[in-house]
Amino acid sequence: MDTNLDVTPAFKTNNRAKVAAGLGATLALLLVGRIALAHSTSQSLIPVQASTSPSNGDLNPYGLAVVPAKFPKGGSVASGQLLVSNFNNSSNDGNLQGQGTTIVIMDPSTGNQTGVFFQGSAPLGFSNALAVARAGFVFAGSVFTTTPDASDPTAGPLLVLDRKGNLVDSITTGTNGPWGLALNDKGKTAQLFVSNVFDGTVTRLAVSFANGSFSVVGSPTTIASGYAFGLDAAALVVGPAGLAYDSKRDILYVAAEDDNEIFAIASASKTATNGGKGTLIFSDSHLEGPVGLIIAPNGDLIAANADPDAHENPNNPSGLIEFTPAGKFVREFSIDPNQGAAFAILNVAVNGVNQFAYVDDFASTLTVLRLTTK
């Protein structure tokens with residue numbers, strides 16, 4: 001970490017969270033440039049940070065997605081807002097893994113939670129698989145449990161929700177434990193890339209949004225397989241997880257959590273064959289069970305270490321790892337001194353301002369850093 005950067009913003013949470021957010025700010029500053037100047041004195045200081053736990057007490061945020069530009073109006077969410085999905089239920093119920101039922105709406109400009117976009121019936125256990133299509137649909141993966149000791153992890157569906165948070169469909173074919181998700185959004189159609197934690201595969205599904213409706217087109221295609229997967233004492237399950245899609249190069253990057261490696265799948269939108277794990281691009285001791293994965297504005301990749309029992313390193317908890325597509329390690333940062341806090345990360349430009357965001361699974365918070373490359 002570059003300790004010469006002075007990042008001393010105001011926060012809304014405890015001292016432990018202040019440290020975490022400060023480290024996140026340093027990472028984002030190094031990646032994308034300088035902090036964006038506030039346009040008015042009423043804007044919150046940066047970064048902003050708030051709880052992702054809704055009124056029902058759900059905890060442990062896993063998924064994070066932005067509502068894209070041109071998202072239809074008249075729904076429960078608007079362009080630029082963030083959605084966060086919860087994996088565990090409330091602490092009053094024992095904080096059980098795989099029994100969270102909520103997706104909450106977060107305002108990135110203030111860090112405030114503005115409402116619940118969707119609340120289903122237990123068990124659901126929303127995973128890291130969360131994406132929003134600009135046609136007005138939200139996709140959320142489910143891996144649930146039904147026992148107090150979480151000894152029975154089960155593959156749930158990939159839920160399809162409309163812009164008002166109504167359940168439209170549940171995709172069960174080609175989704176064997178949807179743990180990660182990437183979207184190739186083409187407007188009236190899209191391709192969904194799904195990483196499956198119960199069989200170690202990545203599948204591609206074609207979907208249509210014709211006439212404002214939703215439908216799956218054809219059958220899923222398995223484009224990658226052979227990733228390690230299984231149960232884990234700390235993480236419940238491990239396997240292929242975070243996906244990041246480079247539409248310009250048609251490359252899908254895969255964070256293989258249990259392999260502890262990052263792979264690339266070429267011609268991801270077109271291939272009709274199973275290419276195995278793809279090409280190994282990064283294998284380094286800094287990886288500790290990567291779950292979240294994004295492509296940064298500078299073209300590098302950033303992975304979030306979930307610290308599963310199989311790959312835990314107590315000396316480097318909850319790390320964000322930056323590396324080049326050619327596999328060169330750049331830097332790492334810890335967002336939390338506790339193990340297992342780093343899950344979903346996000347980088348998106350909204351209204352000319354670059355935003356870097358991450359969830360802290362240990363503290364059940366979302367941190368948003370407003371930055372610009374201008």
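Predicted model: local features only at pLDDT ≥ 70, side-chain atom pairs only at ≥ 80, totals over all residues.
Let me start with a term. Two rings of Phe, Tyr or Trp count as a pair if their centres lie within 6.5 Å. Keep that in mind.

Ring pairs link Tyr62, Phe87, Trp179 and Phe343 into a cluster. Across the structure there are 13 aromatic pairs. Take Tyr62 and Phe87. Their ring centres sit 4.3 Å apart and their planes are at 10°, so this pair is stacked. Where do the two residues lie? Tyr62 is in strand β3, residues 59-66, and Phe87 is in strand β4, residues 82-88, so the pair ties together parts that are 25 residues apart in sequence. Tyr62 and Phe87 are both buried.

Now a pair with another geometry. Phe118 and Phe126 are edge-to-face, with 6.1 Å from centre to centre and 75° between the planes. Phe118 is buried, and Phe126 is too.

The largest pocket has a volume of about 1,200 Å³. Its lining counts 40 residues, and Val66, Leu183, Tyr245, Leu346 and Asn347 lie nearest the centre. Several strands give two or more residues to that lining, among them β3, β7, β11 and β17. Which strand gives the most? That is β25, with 7 residues. By type, the lining divides into 26 nonpolar, 10 polar and 4 charged residues.

The second largest pocket holds about 210 Å³ of space. Here 16 residues form the lining, and Gln97, Ala234, Ala235, Gly340 and Asp361 lie nearest the centre. Strands β3 and β4 each supply at least two of the lining residues.

Last stop: strand β18, residues 251-256. Is this strand enclosed or open? 6 of its 6 residues are buried, so β18 is largely enclosed by the rest of the structure. Ile251, Tyr253 and Ala255 point one way, while Leu252, Val254 and Ala256 point the other way.

β18 has partners. Strand β17, residues 240-246, runs antiparallel to β18 and is joined to it by 5 bridges. Pro240 stands opposite Ala256. The two strands form a hairpin with 4 residues between them, and Asp250 in the turn has a positive phi of about 55°.

Then comes β19, residues 261-266. It is antiparallel to β18 as well, with 6 bridges. Ala255 has Ile262 as its bridge partner there. β18 and β19 also form a hairpin with 4 residues between them, and in this turn Asn260 has a positive phi of about 65°.

That's my tour. Over to you.

Methods. Residues numbered from 1 in each chain as written. Heavy atoms only, no water. Buried < 20%, exposed > 50% of the residue type's maximum accessible area, 1.4 Å probe, protein only. Pairing = 2+ DSSP bridges. Phe/Tyr/Trp six-rings, centres within 6.5 Å; stacked < 30°, edge-to-face > 60°. 1 Å grid on protein atoms, 1.4 Å probe; cavity = no way out; pocket = protein on both sides within 12 Å on 5 of 7 lines; lining within 4 Å. Points joined across faces, edges and corners; volume = space filled by probe spheres on them. Nonpolar A, V, L, I, M, F, W, Y, C, P; charged D, E, K, R; others polar.
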